[in-house]
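Here is a short briefing on one protein model. It covers charged pairs, a sheet and a helix contact.

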Amino acid sequence: MRLEELKSLYEEHLRSSHVSTRWFALSQALGDMLERGLVEPGERLPTHRELAQALGVTVGTVSRAYADTSQRDLTIGIVGRGTFAARNVPDVDVFAQPAMLRSGCEAAASAGSALFSAEHPLDMGFITPFEHLNPPLEEAVRRLAERPGLNELGGYQAPHGLSRHREAGAMWAARFGLPVAPDNVLVCAGAQHALLTVLASLFTPGDRIAAEQLSYPLLKQLCQRLRLQITPIHMDKHGILPQALEAACRSKAVRGLYLMPTCHNPTLTMIPEFRRREIVDICRRYDVQIIEDDVYALSLEQRLTPLTRLAPERSCFIASTSEALGAGLRIAYLCAPAAWHPALEHTISYTVSMAPPLMAELAALWIGDGTADSVLAAKRRAATEANIMAREKLDGFSLETRTTGFFCWLKLNSAQGAAADFARKAREKGIIVADAACFSAGGLVPEEGVRLALGLRDQAVLSAALETLVRLLQRG
């Protein structure tokens, strides 16, 4: 590869007004080189370390750029051999490689048994949203270290967070379609902490919280700990039924409503606009507070009006960063009416004192400089490929997917048995899935199904796992 030309293209992209991260500038420069034919088809590219030294960047920057070009099918990585231009890869016996190609390969079916086993299972039950595409920490930490006044982040801050971190939170909430003033944002230590903060602040033991029949498992655990009661609300293909919600409010004095309206976990249900307005009207009539926890909404391209925007006076919105930027970044933004802030801040103060300011600074950096948007775009591209594969492999079975969703929902019929039994059989084959009972908010499970996380790094592993599940489904 002509490193001088690559360096020139990289610096040109870095100066561009619409490129603000080093890895993205490098990815674009590599793409230019490959698409213009400045790299021979099948040519081996420099190692991560070699390219980092030549360009004066971190190894993490190169890794992130190579991952992005791989997702765009411009390069292909072969463990133990290196990174190559994607077309006409050198004659390599991929079946003999110690690991599969990063972007997947035809060896998946025959090598599947070696990729996971009952002793070393593959976890498709826990969602890890394409974490190999998370932004590189090394570069971000270096950039933070160059900023003046970083030492102030080592001291105590107000529970609601620094003003610049709340401004970043308002910017992030806008990505969900929720315009909010920074003064209405509180910085929390992740979405789970934000949910705990709301439940502990706004409700008292014995209060009833309504939720979808299948809901986020932690909600049930938190309500048990706080002695709150959950009222499961019947659902259809458009989410919770307004008449069922109203009946519960009328007969059981519901105080709160917890929803994931845009990308429901685990069924991927999206509540349409007309039903959102019906739900809001019911909540106003019965004085029900709304908790909107749409953590996977940004995995989808489609945007609908948040319930919090329709009823800002009685709603809390949780805008998480972990799914987009990394699970280790325990930062979420809680958007709530000003009248509720004293109670919410008090809960933050006695649970974590404050969200870690250094983590909040890092989140603000990535939100402000465009890294968050670039990473989300890359994750959606990866999710598109994973969903295409899931639909192809599971063709003929009842599968709910979204084009760019980070997981899918596999419904089971009576011949295929209960979800818990299917999950047990899958575990025996070395695959962990999340069955419907994990998400039950109480009462009978409304439908038998399992959630399959799609955010694996290696498509070959995903392919082999899906084929294993198909064989289980066919046996009934």
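In this predicted model, Glu246 and Arg285 join their side chains in a salt bridge, with N and O 2.9 Å apart. Glu246 belongs to helix H10 (residues 242-252) and Arg285 to helix H11 (residues 273-285), so the pair ties together parts that are 39 residues apart in sequence. Arg285 is exposed, at 52% relative accessible area. The whole structure holds 19 salt bridges.

**Other salt bridges**

- Side chains of opposite charge can pair when their charged atoms come close.
- Arg314 and Glu313 form a salt bridge, N to O at 3.1 Å.
- Arg314 is buried, with a relative accessible area of 10%. Glu313 is partly exposed, at 37%.
- Glu467 pairs with Lys393, and their closest N and O atoms lie 2.5 Å apart.
- Lys393 is partly exposed, with 27% relative accessibility.
- One network, built from salt bridges that share partners, joins Arg147, Glu152, Arg164 and Glu361.

**The seven-stranded sheet**

- Seven strands make an open sheet with mixed pairing, in the order E4-E12-E11-E10-E9-E5-E6.
- Strands E4 (185-188) and E6 (229-233) stand at the edges. Each has a single partner strand, so one side of each is left without a neighbour in the sheet.
- From one strand to the next, the twist averages 25°.
- E4 pairs with strand E12 (residues 332-335) in the antiparallel sense, over four bridges. Cys188 has Ala332 of E12 as its bridge partner.
- Helix H14 (residues 341-351) packs on the sheet and touches E4 and E12. The direction of H14 makes about 15° with that of E4.

**Strand E11**

- How many residues of strand E11 (residues 315-320) are buried? Six of the six are, so E11 is largely enclosed by the rest of the structure.
- In a regular strand the side chains alternate between the two faces of the sheet.
- Ser315, Phe317 and Ala319 point one way from E11, while Cys316, Ile318 and Ser320 point the other way. All of these residues are buried.
- Strand E10 (residues 289-292) pairs with E11 in the parallel sense through three bridges. Ile291 has Cys316 of E11 as its bridge partner.
- E11 and E12 run antiparallel and are joined by four bridges. Ile318 has Leu334 of E12 as its bridge partner.

**Helices H6 and H15**

- Two packed helices are described by the angle between their axes and the distance between the axes.
- The axes of helix H6 (residues 137-145) and helix H15 (residues 357-368) come within 11 Å and cross at roughly 100°. That makes H6 roughly perpendicular to H15, because angles of 65 to 115 degrees count as such.
- H6 makes the contact with Leu137, Ala140, Arg143 and Leu144. H15 contributes Leu358, Glu361, Leu362, Leu365 and Trp366.
- The residues of this contact divide into seven nonpolar, no polar and two charged.
- Glu361 of H15 takes part in this contact, and Glu361 also belongs to the salt-bridge network with Arg147, Glu152 and Arg164.

Methods
Residues numbered from 1 in each chain as written. Predicted model: local features only at pLDDT ≥ 70, side-chain atom pairs only at ≥ 80, totals over all residues. Heavy atoms only, no water. Axes fitted to C-alpha atoms, helices over the stretch in contact; angles between N-to-C directions. Helix = DSSP H or I, 4+ residues; strand = E, 2+ residues; numbered from the N terminus. Parallel < 35°, antiparallel > 145°, perpendicular 65-115°, else oblique. Contact = heavy atoms within 4.5 Å. Nonpolar A, V, L, I, M, F, W, Y, C, P; charged D, E, K, R; others polar. Salt bridge = Lys/Arg side-chain N within 4 Å of Asp/Glu carboxyl O. Buried < 20%, exposed > 50% of the residue type's maximum accessible area, 1.4 Å probe, protein only. Pairing = 2+ DSSP bridges.
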